[in-house]
Amino acid sequence: MHGTNALAEADRMMTVCNSCRYCEGLCAVFPAMEKRRIFADGDLDYLANLCHGCGACYYDCQFSPPHEFNVDVPRTFARVRAESYARYAWPGALSSLFARNGRAVSIAAAVSMILFLAGFALFDGRSFLSSHEGAGAFYVLMPHVAMAWLFGAAFVGALAALWVGLAKFWRYTDERSKMPVTAGLLLQAARDAARLRYLDGGGSGCMNEGERPDDRRVLFHHFTFYGFLLCFAATCVATLYHYGLGREAPYAWDSLPVLLGSVGGVGLVFGAGGLLVAKLRRTPELQEQETRSMDLVFVAMLMLTGGSGLTLLVFRATPAMGPLLAIHLGAVLALFVTMPYGKFVHGLFRFAALVRYAGEAATPGEAGSS
Ligand code: SF4
Ligand code: SF4
């Protein structure tokens, strides 16, 4: 007995695949599947999050629709993945946000931006629509200490929720093996994640629309991921400048925080935009329609965050600075607050699945038998 219909369907599919094994060279999922004869809910959550959704096995499969076996691994695993995000969410009372993710994130973003716009206008209406230059220009609209506390609290809250969710995922998918997490496994998983090793359809590329594989999704994903990391690095360096060197934002065009943030912002907008277009064009059989809005709203939020940051950078010395700063801060705050209850979770769960796979690959025999 399985907890949901999607898990029962994934079990049926893995049982068919385990007899067939035609796809064992495509990705990590099939070798991991072959280490199991029965599929508990935790095993299926692990396999679903190990799947990168490249779509290759759908096109290679002689049992995919319209065959009566109706084997559609990418779509079924997309459903199981989405359910796993909600199952391990913390606090559990907020797990329903995954089911209404598109609406929840849109409302959070709109409310957050409106509150910043209204807050700035009420704090000092004249300054809100005036131009400001020089060190500390942003803090005319919102004191730095208020900004630091608000975003620090949102970030720490999001990290705590993500960490507890990840720990629950690991515990539940680890019931049989009790695998110790070593530095070697973390390193191997980091290498596989950094180059998206299993999004390549076994070497031929990722399927998106039609039957011609390519590397576009890998490329856009890299731009998005590394763009996000550079933006985060820019924020960390700016914090060091502020507290360590006593230098206040905004910083010069050739300063390290601006350079990191500019390159990261361009990467984020380009990568997330490419993923958005790819998602909209993707063959319906490869996507789970019920969770599609969560994917779309996530990349849209990343684009909004990166795009609003770049626009603020360009127009920061004009009277548009106040409204643009409010929109950017509103987008960033909404991103932080909704992070543990949306698609962002996929990165953490997939990394955990890669760690488990690295451990299993190094251990001969059935999973959990040692
Ligand atoms: S997806 Fe199809 S071809 Fe591939 S292993 Fe499963 S049943 Fe076999
Ligand atoms: S990663 Fe690609 S080949 Fe592997 S199970 Fe997922 S969709 Fe199929």
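Reader: What is the order of the elements of the protein, counted from the N terminus on?

Author: In this predicted model, the elements run α-α-α-α-α-α-α-α-α-α-α-α-α-α from the N terminus on, and the secondary structure accordingly comes to 14 helices and zero strands.

Reader: What share of the residues in the protein is buried, and what share of the contacts between residues at least 6 apart in sequence joins residues at least 24 apart?

Author: Of the 370 residues in the protein, 49% are buried, and of the contacts between residues at least 6 apart in sequence, 77% join residues at least 24 apart. The accessible surface comes to about 17,300 Å², with 66% of it belonging to carbon and sulfur atoms.

Reader: How many positive and negative side chains does the protein have, and how far apart do the centres of the two sets lie?

Author: There are 31 positive and 29 negative side chains, with 3 Å between the centres of the two sets.

Reader: What makes T338 buried or exposed?

Author: The relative accessibility of T338 is 14%, and because the cut-off for a buried residue is under 20%, T338 counts as buried. T338 lies in helix α13, residues 321-338, and, when residues up to four places away in sequence are not counted, T338 touches V105 and A108.

Reader: Which values of phi do R21 and L196 have, and what makes them worth a remark?

Author: Most residues other than glycine have a negative phi. R21, a residue other than glycine, has a positive phi near 60°, and L196, which is not a glycine either, has a positive phi of about 50°. R21 is placed in the loop between α1 (5-20) and α2 (29-34), whereas L196 is found in the loop between α9 (183-194) and α10.

Reader: How do you know whether R21 and L196 are buried or exposed?

Author: Buried requires a relative accessible area under 20%, exposed requires over 50%, and partly exposed covers the range in between. R21 has 35%, which falls in that range, so R21 is partly exposed. L196 has 8%, which is under 20%, and L196 is therefore buried.

Reader: Is the peptide bond from W90 to P91 cis or trans, and which form does the bond from A249 to P250 take?

Author: Most peptide bonds are trans. The bond from W90 to P91, however, is cis, with omega near -5°, and the bond from A249 to P250 is also cis, with omega near 0°. P91 is in the loop between α5 and α6 (101-123), while P250 lies in the loop between α10 (216-245) and α11 (256-281).

Definitions and conventions
Residues numbered from 1 in each chain as written. Chains lettered and ligands numbered in written order. Predicted model: local features only at pLDDT ≥ 70, side-chain atom pairs only at ≥ 80, totals over all residues. Heavy atoms only, no water. Helix = DSSP H or I, 4+ residues; strand = E, 2+ residues; numbered from the N terminus. Buried < 20%, exposed > 50% of the residue type's maximum accessible area, 1.4 Å probe, protein only. Contact = heavy atoms within 4.5 Å. Areas by Shrake-Rupley, 256 points an atom, 1.4 Å probe, with all protein chains shown as cover. Lys, Arg positive; Asp, Glu negative; His and termini not counted. Charge placed at Lys NZ, Arg CZ, Asp CG, Glu CD.
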